[in-house]
Amino acid sequence: MTTDPTTAADLEALRRAELARREERRRARQTGLIPSLRARGRAASAEPVISAIEAVVEDPIPGPAEVPAPLRLSDRAMAVLERVAAEAGAPGFVGEALLRAGREIDPESALAYGVCDLLAGLPPLSAIRHLVDLAAAGLPVLHEDQRVRAEMICSGRAPAPDVAPATIDAWQLHLEAVEAEGHGTLPTVAWQRLVEQLPQPIVDDLIDRGVLRRQTRVHTWPRESERVRYATARLSPQALTDEEVAGLEWRDEACRRTLWSGGTVDVVDGRHDQWSLRSALLVGETAALDDVEPQTDSHLPEDLAELVAELKEVKRGGPVGWRSGQDPSLFGLLEDCLPSGRLISGRTSFHYWAGTRRLYRLLDDVHWAMACDPDDVADARAATVRQAAALRNGDTRSWAASADREARAVQAYLQFLGARRNDRERFDRGVGLLEEVLKRGGARRGGVGGKERHRMTGLSELLQTLRLNGRPNDVLNPYLALCVEHGSNEWRQGWRDLRTQVPAEQLEYINGAKDRIKRMETAQRLGERPETVYALPLNEKFLWVPGIRNEVLLPAPRPMARRTAASTQEEQLWTATGAAREIIGRNAERLRNNC
């Protein structure tokens, strides 16, 4: 007999109820409501005669041994049941369940069904742990295959998922999620299921950890759902259409595409954001720098904030940093930020490039002064000489070497330009500036090669011819004299513009330049060799603004930033919870059918 106080109380209640029923039947016989035992015996003559002893004890009062005994379990199973009842908030469940099970043909199955019914009210993962413990204690609460799955959920282990499952259930999804977490290999259809069904923060976790990578080729999936479009934006944003970008309300990518297409991004609420600032800087609107403070404007990305800070410093007259000075994609913008009229001197590629461009602008000033204001020629020539001297260097490679050659060519030009008759010392210096480079040989030997060498050789020969004549021409290059680029078709417009500005005594100067160009064009039409002029610059392409994209101002597609919060523990256990719920449901159905 059990010593459980709950069980003893139940037995006593059953005994009392049975005694009360017997007493009611006795009183009914005394009052005649039912026949006495003897009368019933005479009326039923066909029935066998029972003994007097049997008649007296027709309904004996049962003793404790005759009440259905409750189901007896091992101490281990009882401990688990008590723990389940306590967690479910049902303290009297164990005794009642054991009594009910004791009346059934299959007591253990009946108890198992009752326990599963109680566990249905607990969280699935907690319930599945209890089922595993009860199964280990000997209760038939789990079918063997379900027991194996339940134990895997509790242990955190899982086999590799079927690559071609017949059905897709919660267990298959859980196996695929576990495989993905372990950087396993999954077919495309499995990845599609995970992206579509897992909680969005978990999908973002897989992307952030590099589990769901670009190699998964999400951009090739049908983008019919918002989830797939979002995953594509995070992995392969360049694959999205403009309409899909707009549907995701992804302003950063929409603005980036606008800049790439040559469009502009307007200021928002009267204040520059990162995209309107990029748009302004790309077209040289350096005034936009005055509207932002990279130290306080936290909306600017770190790389853009660093660039803005440096540009503002250059605009105030500060130096150009070495890294920016070696980046051709920034040359045009840095040049726009330089204070006007300042000598450009430095040892970066930018300084050589920008200094050479300033050198030719100063040379244009010299020609304008010679035509319109001879009194300013000396100052203009002096500024040009200073800039040329700043560009001179001994480097024989790349930007520095190109700047040195251009500076030499301009210095030689200025030596002859307006020189006095028979000033042989000056003529010799001019020729020597060019010959020093030509004597080095080709580019591999520190000299110059290709078309640039051919042009430099022609200039040297021209100057030597002028030196032998004892005096240079007043106009070494008629195009430059009319303040247009060498060989430009705009020379007539240049002549017209100057004619309205030059004094009468200078008309002969610009008319002579015009006439020389006409003679050269006539000779060219007739197939004759045209007159040789001092053609500058040596390499016009060196002066072009580099057409290189700057990654900061015109960035490549960048993955969308995560839009979800950090995943919770509940979301991390989502597939395990679903698999556990599925096991509990299937197991309850099986037990219900068996009872």
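The model is predicted.

Start with helix 11 and helix 12. Helix 11 covers residues 200-208, and helix 12 covers residues 226-235. Their axes lie 11 Å apart, and the packing angle is about 25°. Angles under 35 degrees count as roughly parallel. Helix 11 and helix 12 are therefore roughly parallel to each other. The crossing of helix 11 past helix 12 is right-handed. Which residues make the contact? Helix 11 supplies Gln200, Val203, Asp204, Ile207 and Asp208. Helix 12 supplies Arg227, Tyr230, Arg234 and Leu235. Sorted by class, this contact of helix 11 with helix 12 has four nonpolar, one polar and four charged residues.

Now move to helix 8 and helix 28. Helix 8 spans residues 144-155, while helix 28 spans residues 574-594. They pack at about 155°, and their axes are 10 Å apart. Angles over 145 degrees count as roughly antiparallel. That is why helix 8 and helix 28 are described as roughly antiparallel to each other. Helix 8 makes a left-handed crossing as it passes helix 28. On the helix 8 side, the contact uses Gln146, Arg149, Ala150 and Ile153. On the helix 28 side, look for Ala576, Ala579, Ala580, Glu582, Ile583 and Arg586. The contact of helix 8 with helix 28 counts six nonpolar, one polar and three charged residues.

The next pair is helix 22 and helix 23. Find helix 22 at residues 424-438 and helix 23 at residues 450-469. Their axes come within 10 Å and cross at roughly 160°. Helix 22 is therefore roughly antiparallel to helix 23. The crossing of helix 22 past helix 23 is left-handed. Helix 22 brings Arg424, Phe427, Asp428, Gly430, Val431, Leu434, Glu435, Val437 and Leu438 to the contact.

Val437 leads on to the cavity. Val437 belongs to the contact between helix 22 and helix 23, and Val437 also lines the largest cavity. How many cavities of 30 Å³ or more does the structure hold? The structure holds one. The space in the largest cavity is about 40 Å³. Along with Val437, the lining is made of Asp395, Thr396, Ala401, Asp404, Arg405, Arg440 and Gly446. Helix 21, residues 398-416, gives the most to this lining, with three residues. By class, the lining has two nonpolar, two polar and four charged residues.

Finally, look at the backbone in two loops. Pro537 sits in the loop between helix 26 (507-525) and helix 27 (569-572). Is the peptide bond from Leu536 to Pro537 cis or trans? The bond is cis, with omega near 0°. The other spot is Asp269. This residue lies in the loop between helix 14 (251-260) and helix 15 (274-282). Phi of Asp269 is near 55°. That is a positive value in a residue other than glycine.

Notes: Residues are numbered from 1 along each chain as its sequence is written. This is a predicted model: local features need pLDDT of at least 70, side-chain atom pairs count only at pLDDT 80 or more; totals for chains, interfaces and linings use all residues. Side-chain values use heavy atoms; hydrogens and water are left out. Axes are lines fitted to C-alpha atoms, for helices over the stretch in contact, and angles run from 0 to 180 degrees between N-to-C directions. Helices (H or I, at least four residues) and strands (E, at least two) are DSSP runs, numbered from the N terminus. Angles under 35 degrees count as roughly parallel, over 145 as roughly antiparallel, 65 to 115 as roughly perpendicular and the rest as oblique. A crossing is left-handed if the near helix is turned anticlockwise from the far one by less than a right angle, and right-handed if clockwise. Contact means heavy atoms within 4.5 Å. On a 1 Å grid over the protein atoms alone, a cavity is a set of points where a 1.4 Å probe fits but cannot get out, and a pocket is an open set with protein on both sides within 12 Å along at least five of seven lines; lining residues have an atom within 4 Å of a point. Grid points are joined across faces, edges and corners, and a volume is the space filled by probe spheres set on the points. Ala, Val, Leu, Ile, Met, Phe, Trp, Tyr, Cys and Pro count as nonpolar, Asp, Glu, Lys and Arg as charged, and the others, Gly among them, as polar.
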